[in-house]
Amino acid sequence: MADADHMQGEPPTGSTKYSAPALEKGFDVVELLAGEPGGLTISEIAVRLGLTISQIFRMIVVMERRGWLFKDGGSDRYRVSYKVLELAYRATPAQQLAHVATPVMHALAEAAEQSCHLVVQHGDRAMILLRQENPGPIGLSVRLGTMVDLVASSSGHVLLAFASSDALEATLARCRYPDHLGEEALRTVLARVRSRGFELMPSAKAAGVRDISYPIFGFDGGVAAALTIPFLEFIDGSQAVGFDAVQDLLASSARRISQALGHAQTSGPLAG
């Protein structure tokens with residue numbers, strides 16, 4: 001009876017742990033397939049997880065029936081469905097953020113003739129939540145759901161620089177720092193970002209690309225996301241919108257999204 005009462009009330013404290021093997025296997029399958037855009041067969045899933053086909057067969061069939069997995073009839077490969085993303089939007093502030101930001105980002109990409117993307121913090125890293133490709137013939141875009149290093153990216157610097165003191169300290173305590181940038185050096189970078197209101201730095205992924213990131217704030221004044229343009233400079237003279245104009249468009253777009261989210265700041269990086 002004591003155990004039953006415990007389960008109906010507060011979760012136990014201390015070293016007591018509950019085990020739900022079937023549920024854990026289901027999570028393992030989803031996390032495995034999330035890193036396999038081409039999908040895997042049931043036998044491949046079993047091998048990767050160190051299980052037998054009989055241990056996961058019924059589970060995968062149920063997950064497919066419930067819409068969590070999608071099966072390619074031609075190859076019998078399973079992939080994660082869009083239901084994961086759908087639930088993430090519904091269960092988090094991402095839904096409102098996406099609703100507000102999507103038309104603004106579309107207009108930004110057209111006016112700047114550059115691709116743009118929206119980044120949110122996800123644990124000790126950051127994630128590409130939305131993207132808008134350059135409608136022109138040339139552009140640089142990133143895949144939705146791509147994880148971004150908070151320490152090494154312009155988007156990450158913005159998210160950290162404008163985070164609350166408690167959130168920042170908690171994140172920095174868990175971050176992994178590259179050899180060229182320790183914690184004190186990162187704190188200096190973040191102070192500079194806070195002071196000027198944005199981050200501008202060479203891309204950590206692509207040569208010749210300059211990443212520009214501005215913060216987006218929610219109604220509570222906290223940083224909700226970073227809006228970023230990986231600026232590509234054309235060498236054939238066809239570029240109609242220069243760097244300074246693109247940065248102005250980006251700053252204005254970040255301000256519009258913040259205001260639509262209910263942010264009412266009258267001074268600081270997004271005041272205008």
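Student: In which loop is Asp 76 found?

Tutor: Helices (H or I, at least four residues) and strands (E, at least two) are DSSP runs, numbered from the N terminus. Asp 76 lies in the loop between strand 1 (69-72) and strand 2 (77-80). Its phi is near 60 degrees, a positive value in a residue other than glycine. Please note that this is a predicted model, in which local features need pLDDT of at least 70 and side-chain atom pairs count only at pLDDT 80 or more, while totals for chains, interfaces and linings use all residues. Residues are numbered from 1 along each chain as its sequence is written, and side-chain values use heavy atoms, with hydrogens and water left out.

Student: Why does Asp 76 count as partly exposed?

Tutor: Buried means under 20% relative accessible area, exposed over 50%, and partly exposed in between (1.4 Å probe, protein chains only). Asp 76 has a relative accessible area of 39%, so Asp 76 is partly exposed.

Student: Where is Glu 113 placed, and what is the phi of Glu 113 near?

Tutor: Glu 113 sits in the loop between helix 6 (94-112) and strand 3 (116-122). The phi of Glu 113 is near 60 degrees, again a positive value in a residue other than glycine. With 29% relative accessibility, Glu 113 counts as partly exposed.

Student: Is Gly 208 buried or exposed?

Tutor: Gly 208 is exposed, because its relative accessible area is 70%. Gly 208 belongs to the loop between strand 6 (199-202) and strand 7. Between the C-alpha atoms of Gly 208 and Glu 233 the distance is 7.9 Å, although the two are 25 residues apart in sequence.

Student: How many helices and strands does the protein chain have, and what share of its residues counts as buried?

Tutor: The protein chain has ten helices and eight strands. Of its 272 residues, 36% count as buried. A contact means heavy atoms within 4.5 Å. Among contacts in the protein chain between residues at least 6 apart in sequence, 53% join residues at least 24 apart.

Student: Where is confidence lowest in the protein chain?

Tutor: The pLDDT is the predictor's confidence in each residue, from 0 to 100. Confidence is lowest in helix 1 (residues 2-8), at a mean of 44, and highest in strand 7 (residues 210-217), at 96. Over residues 1-15 the pLDDT is below 50, and this stretch has four contacts in the model beyond near neighbours in sequence. Where pLDDT is low, the predicted coordinates should not be read in detail. The protein chain averages a pLDDT of 83, with 85% of the residues scoring at least 70.
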